[in-house]
Amino acid sequence: MKVAVIGTGYWGPNLIRNFLALDEVESVIACDVDASRLARMRKLFYGIETSHLYNDIIDRPDIDVVVIATPVSTHHEIAKRALLAGKHCFIEKPMTASVTEAEELIAIAEQKGLKIFVDHTFVYTGAVRKMKELITSGRLGDIYYFDSVRVNLGLFQHDVNVIWDLAPHDLSIMNYLLGQKAVAVSAIGSCHVGNGLEDIAYLTLEFEGNLIASFHVNWLAPVKIRRTLIGGTRSMIVYDDTETSEKVKVYDKGIDITTREGVYDTLVQYRTGDMLSPKLDQEEALAVGTRHFIDCLLNEETPMTDGQAGLNVVRILEASAISIKDRGKLVEL
Ligand SMILES: NC(=O)c1ccc[n+]([C@@H]2O[C@H](COP(=O)([O-])OP(=O)(O)OC[C@H]3O[C@@H](n4cnc5c(N)ncnc54)[C@H](O)[C@@H]3O)[C@@H](O)[C@H]2O)c1
C-alpha cells in the first residue's frame, strides 16, 4: 500500500514513522503547505517523497490511504476530497470541527465502500486496553463515575479551545471503556489570552441511570496531570498516564450499604482491600493503531475507532461549545 500523510507538523512525523514501519506499507509520501516542514521530513526519513500539493497527491491512482494530520478546521475539506477520490482515510482527532461535517464524511465513506479511522490514540495504549479488559470482565462491578483531569502549561492552539484540543483523548477513552452514550453535557470555561478560545474548562456528562462523568482540561496548569478515576461497585481504578510504570492501579475499595429494618437511615460501611497494578503492554499506541487500521483494510473489518466513534466525540465537543456560551446550561445530546 502507498500512504500519503498530509500535515507534517508536530504529530505528522510520528504517523510517517509508524506507517513506514509496517510491512504492508510500500512507501509514504509526505505533504505539507510549509516547505520547511517538507525539508525536515526529507532529513528525518531518508529518501521520502514530498509534495506541497495535497490535491495532486490525493488524485494519484497509486495512493491507497490518506492520513490527515492538519489543523482540525481543515480535516473535513481534505477528508471529503480524499474519500471522493476513492481513498481510505486515517483522520487525526478530533475527526471534524462539527457534527454535520463528520456525518457527511461517514455517509460518503459508506456510499463508496471506504474506511475511516479516527486517531483516538489512547484507545490503543496498553493501559486503556487493560482497563477495558477489567471492566468487561466485571472486575469493577457497576460503574458509578468516570472522572478525568488533563492539565499542563500550553500548548496553546490557535484554532481550537482547550476542550477541542485535550478532551477528545478523555472522551474517546470514556466512550470506549464504558460503551454507553452520554445523554447530556454541561460545560463552563474561561479564556485568559484575549483570543476568545477557552484555556480552562470543566465538563460534566450525564448518562441514563446514575452514572456520571467529569472532565477538567487546562492549558494554564503549573504541572502536568493526566489522571482518571473510575469508580465501580466492586473496585476502583486510578489511571495515571504520567507514571512510567504502574500506570493503572486497581483498588479493592468501596462501600457496602445496609438498610436497617424499621429504621429510616442506611448504614454505609467502608471496604478497603488490596491494590493491584496489572502488567501492561508497552508497545507504542500509534504502532498498535496504525497496524489495526491496515489490518482492517486487508480483512474488510471495521476499525475500533471508526467514523462513528469520531462522530460520538465531536457530538459531545459541539454540545459543550453550546453549553459554554450559555454559562453551563445542560445540552441534550
Ligand atoms: N493523536 C494524538 O495524540 C495527537 C497529538 C497531537 C496532535 N494531534 C492532532 O493532529 C493534528 C495536527 O496537530 P499538530 O499539533 O501536528 O499541528 P501542527 O500545527 O504542528 O501541524 C499541522 C501541519 O499541517 C500543515 N498544514 C496546514 N494546512 C494544510 C493543508 N491544507 N495542506 C497540507 N498541510 C497543511 C501545517 O503547515 C503544519 O505543518 C490535529 O488534528 C491535532 O489534534 C493528535
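**Exercise 1. Work out which residues surround the ligand, and which are the closest.**

Solution. Start by counting: 19 residues surround the ligand, where a residue qualifies if one of its heavy atoms lies within 4 Å. The closest are Y10, W11, D32, K93 and T121. Before going on, note that this is a predicted model, where local features need pLDDT of at least 70, side-chain atom pairs count only at pLDDT 80 or more, and totals for chains, interfaces and linings use all residues. Residues are numbered from 1 along each chain as its sequence is written, and side-chain values use heavy atoms, with hydrogens and water left out.

Next, sort the shell by class: you get 7 nonpolar, 6 polar and 6 charged residues. Here Ala, Val, Leu, Ile, Met, Phe, Trp, Tyr, Cys and Pro count as nonpolar, Asp, Glu, Lys and Arg as charged, and the others, Gly among them, as polar.

**Exercise 2. Find how far polar side-chain atoms of D32, H75 and T121 lie from ligand atoms.**

Solution. Look for polar contacts, meaning pairs of N or O atoms within 3.5 Å.

- D32: a polar side-chain atom sits 2.6 Å from a ligand oxygen.
- H75: here the distance to a ligand oxygen is 3.1 Å.

Then check the cover: on its own the ligand has 840 Å² of accessible area, and the protein covers 80% of that (Shrake-Rupley method, 1.4 Å probe).

**Exercise 3. Describe how α6 and α7 are arranged.**

Solution. First, locate them: helix α6 spans residues 126-136 and helix α7 residues 162-178 (helices are DSSP runs of H or I, at least four residues; strands are runs of E, at least two). Their axes, lines fitted to C-alpha atoms over the stretch in contact, with angles from 0 to 180 degrees between N-to-C directions, come within 9 Å and cross at roughly 30°. So α6 is roughly parallel to α7 (angles under 35 degrees).

Definitions and conventions:
Polar contact = N/O pair within 3.5 Å; in protein donor to acceptor, adjacent residues only side chain to side chain. Parallel < 35°, antiparallel > 145°, perpendicular 65-115°, else oblique.
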